[in-house]
Amino acid sequence: MGWYVPVMALAALGLALVGATYAIGLLVTVQRRPLVTPPFLAGGLPREHAVSRFHVRWYVVTLLFLAFDMEMVFMYPWAVVVAEVGVEAVVEMFTFLAVLLAGVVYVWREGGLRWT
Amino acid sequence: MAEPAPMWTVLVLPIVLGGLALFAASLNGVLTAVASGRRATLAEWAEPLRASARLLVRQRRTTFRADVVLRRVGIAGIVVAALLASVPTPLGGVAVADLPVGVVWFNAMEILLWALVWLTGWGGNSAFSLVGGYRFLAQALAYELPLMFALTAPPLAADSLRVGAIVQAQQDVWFALWMPLAFLVYLIGIVGVAFWGPLSPPAAADVAGGVTAELSGADRLVFLAGRYLMLAAGAAFAVPLFLGGGQGPLLPAWLWSLLKMAAVLAVLVWLRRFSLVRAERLMSWGWLVLLPVVLLQVLVVGVVVLLRG
Amino acid sequence: MDLISALRRAAFTRPNLLLVVAPGATGPRLAMERFTREHGWSLADTAADADALVEIGELDEPLTAVAEVLWRQLPRPAVRLSLGDEVGVGEALARLPERLRSWRPTDEPSEEWPEPPMADRAPDRDGLRLDVLRVPLGPVLPYWPAGLRLVVDMQGDVVQFAEVELLGVTGRTRPYWTGETRSAARRLDAAARLLGVAGWTAMSTRCQILRDRLLAGGTGTFVATEVDRLARRVRRSPLLGAMLRGLAPLPGLGDAHERLSNWLAEVARASTADEAGPPVAELLNVLPDVVFGAELSVVRLIVASLDLDIAEITEPSHGGISHG
């Protein structure tokens, strides 16, 4: 656990540096009160709030990503036991990866990687 | 290597990483100046300092009905994430903490930007910054997996996730030399994480600066500094991972580390001279080219590890 | 306190400018771009990063309204100035840093803005009902044609509907790009914009430098060789090719990539007069259809690849042209 003392200290220092930047800004700025304005719209005004349900046309890819992302959980521990376990570690992992890659090929053929 | 480094390293890290980030910003300014037909004078090298003064003096700005909390978290978070990502990065032989899972730690900190950049884009309640935030996510889906697999290649060869052990494993030959594809994919991934150069559509001019569209004053300064810090953190981590850490003749190890970090960073900054990559193209290239290539690289490394016994 | 005043002095040696340009006021716009490039200033991408709002040419009522909206979006200190022609550009800009330094806060009342509703839903092209945002593209965007506003409905970043509005065209609007030298310079200007939207800023700046050299009466052969080299690099760039190939193919004009290559090739051959493109009104007519279903970044590239000069619209547009 001793490792995490310097890590927490660094996180605190990082936040302090950000805070100091804002403090210096407050000290030297010519106008302390922030400007509140409608968003920049090329010279127009918004007709509705921008925060909305955004149409992510790449949602198919997110599923594919999740499959691989789960695989990454095994990948790191696997990396440090390959020398110990031997050939079967490499064969098993890459058989698994080949199955996932088949998924990539399928999504590609279905046009999931293109969206316009 | 076994005991934690002294606490002063916590103070040194922001100075070194900040210095590298400033170097990146200066180099960027000088490249712009030269491209515009101006001379690379001292004033051009100092331009980021002047630009920072400008942002500090200017009024801050929030948009109408902005999500102030989320926006703040996004803006400030990138600086902190970049600093924390560098915890396992050794300068010479000394890191803030040579964590037993240092590589995974870097991965975890770097991936925080998915949330932080998106939050900055979403929090502004502005159509252009919203589009910028989502562009980041679309790009991340393409580069992140290749980046993560590239990150596993050095630990596989070194038989350890500890960055110190990875450096030691490169005593005879640098990993960049016999796993060049993993090195290359890693660099592409870092360019994506820092949405830099060809992968800068999240903050591009075509959407009025995207995630930066509504930022001014200290907010803009902190956000842009975070981006340069992240680019620097990625360049710095490449050195222990692929370039033998502080190994080199004559000069002290910490200086070798620093020189190599600056060199990698300069290459990344120089990439701004290319045009942008469209998100859709990146998606195809990431999944159909980068991913198979880096998996092949990991397979080769695995076979080498087996042959070595 | 001395440190603070030194900081404030240094802060405004290189201001960022946001330009509101009237159609046809290309001369002062070019002078402005040249000044900023030579002095290391920048053109701002957005109001949030601008120190000065510069109105160029004679703004009609709608464009004045645009300037008014933007002026209230600029964080302080900010300066507003208007320039009629290229003669006064250098002088007016040279005074800008001092004007910013001497800016003092006034008790501006905090603005009241009308509260817009949340986004509503509309059917999309795949038959889903999705949130839709109405977003005006232009008239003030980086590398955007002066006087054009393309109002789009976006679902995510896909454009589902577009409508053209023209601003700033008056009875006194005259096109700038006339005569042989200027026609060649126009090609470089268009290339600079398209390359700028594509994010190839170094190459975009190169086009601007050569454009200004042509207009300043630079020797044709030198510029032609330079452009020839540039054209080859543009043609061979795989990244740019992946970005522009196949975009908005038009009969006789080719796709965006071919249009860009042709512009540069024309300048390199020093023969631009032979064929004028289709009139701008015709291009504006097809624009809503061409951008339908395209991603926002693609819409930006398409508009830049058409080299629209709104000043060439012969009759002043009252209420604008509209298309569904």
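A salt bridge is a side-chain nitrogen of Lys or Arg within 4 Å of a carboxyl oxygen of Asp or Glu. I start with that rule and keep in mind that this is a predicted model.

**Entry 1: chain B against chain A**

I looked for salt bridges across the interface of chain B and chain A, and the rule finds 0. I then looked up polar contacts there. The rule finds 14 residue pairs, both residues at pLDDT 80 or more.

Which elements of chain B touch chain A? I list those that give two or more residues: α1 (8-35), α3 (47-57), β1 (61-63), α4 (68-85), α5 (102-123), α6 (127-158), α10 (217-242) and α12 (279-308). With 17 residues, α6(B) gives the most to this side. I sorted the side by class and got 57 nonpolar, 10 polar and 14 charged residues.

Next I looked up the contacts. I find 81 residues of chain B in contact with 67 residues of chain A. The area buried between the two chains is about 6,500 Å². Carbon and sulfur atoms give 79% of that area. In chain B, the residues that lose the most area to chain A are B:Gln59, B:Glu280 and B:Trp287. Together they make up 10% of what that side buries.

**Entry 2: strands across the chains**

I checked strand β1 (residues 35-37) of chain A. This strand pairs with β1(B) in the parallel sense, over 3 bridges. Which residue of β1(B) is the bridge partner of A:Thr37? I find B:Thr63.

**Entry 3: aromatic pairs**

I searched the whole structure and found 20 aromatic pairs over all chains. I picked out B:Phe106 and B:Phe237. Their ring centres are 4.1 Å apart and their planes are at 10°, so I note the pair as stacked. The two residues sit 131 residues apart in the chain, B:Phe106 in helix α5 and B:Phe237 in helix α10 of chain B.

**Entry 4: chain A against chain C**

I find 30 residues of chain A in contact with 47 residues of chain C. The two chains bury about 3,400 Å² between them, with 60% of it on carbon and sulfur atoms. A:Val30, A:Phe40 and A:His55 supply 20% of the area that chain A buries against chain C, more than any other three residues.

How many salt bridges lie between chain A and chain C? I count 2. In one salt bridge, the side chains of A:Arg57 and C:Asp157 meet at 2.4 Å, N to O.

In chain A, α1 (4-28) and β1 each supply at least two residues of the side that touches chain C. The largest share, 3 residues, comes from β1(A). By class, I list 16 nonpolar, 9 polar and 5 charged residues on that side.

Notes: Residues numbered from 1 in each chain as written. Chains lettered and ligands numbered in written order. Predicted model: local features only at pLDDT ≥ 70, side-chain atom pairs only at ≥ 80, totals over all residues. Heavy atoms only, no water. Contact = heavy atoms within 4.5 Å. Buried area = accessible area lost by both parts, 1.4 Å probe. Polar contact = N/O pair within 3.5 Å; in protein donor to acceptor, adjacent residues only side chain to side chain. Helix = DSSP H or I, 4+ residues; strand = E, 2+ residues; numbered from the N terminus. Nonpolar A, V, L, I, M, F, W, Y, C, P; charged D, E, K, R; others polar. Pairing = 2+ DSSP bridges. Phe/Tyr/Trp six-rings, centres within 6.5 Å; stacked < 30°, edge-to-face > 60°.
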